[in-house]
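Please look over this model with me. My notes follow as numbered points.

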Amino acid sequence: MGATEAMAAYRALLRATRKTFAGDKLMLAESAAEIRRRFEENRGVAPEADVKHLLDEAREASHFISHMIAQAKLSSSGGYVVKPTKEHAGATLEIPSEDVLSKST
């Protein structure tokens with residue numbers, strides 16, 4: 001396990017967030033910063049078992065972001081619309097409360 005696998009996992013996470021949070025500058029910036037922080041935090045991990053575990057977690061996170069998150073968008077009528085794609089098949093739809101949504105805008 002080497003730097004090549006870590007870079008592939010890093011890029012996969014960034015691709016997943018760019019697709020899931022397209023158009024949401026705040027979420028894109030925050031998720032990219034968090035991904036970078038996590039990878040930097042674990043840069044010096046040496047035991048192969050620990051590296052494998054971290055890479056597995058990164059792959060699981062990419063899958064979760066791509067398949068379990070669909071971002072709601074504010075419609076022109078003032079409500080929020082969620083448009084899941086085929087990647088979300090089998091996921092459970094949880095609609096956040098209006099209170100949560102109003103705090104995020």
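1. Lys52 is partly exposed at 40% relative accessibility. (Buried means under 20% relative accessible area, exposed over 50%, partly exposed in between, with a 1.4 Å probe and protein chains only.) Its partner is Asp56: the two form a salt bridge, with the closest N and O atoms 3.0 Å apart. Asp56 is also partly exposed, at 26%. Both lie in helix H3 (residues 48-68), 4 residues apart, about one turn of the helix.

2. On provenance: this is a predicted model, where local features need pLDDT of at least 70, side-chain atom pairs count only at pLDDT 80 or more, and totals for chains, interfaces and linings use all residues. Residues are numbered from 1 along each chain as its sequence is written, and side-chain values use heavy atoms, leaving out hydrogens and water.

3. The whole structure has 7 salt bridges. (A salt bridge is a side-chain nitrogen of Lys or Arg within 4 Å of a carboxyl oxygen of Asp or Glu; helices, H or I, at least four residues, and strands, E, at least two, are DSSP runs numbered from the N terminus.)

4. Helix H2 holds Glu34 and Arg38, 4 residues apart. They form a salt bridge at 3.0 Å between the closest N and O atoms. A network of salt bridges links Glu34, Arg37, Arg38 and Glu41.

5. There is 1 aromatic pair. The ring centres of Tyr10 and Phe39 are 5.2 Å apart and the planes lie at 75°, so the pair is edge-to-face. (Rings of Phe, Tyr and Trp, its six-membered ring, pair if their centres lie within 6.5 Å; planes under 30 degrees apart count as stacked, over 60 as edge-to-face and the rest as tilted.)
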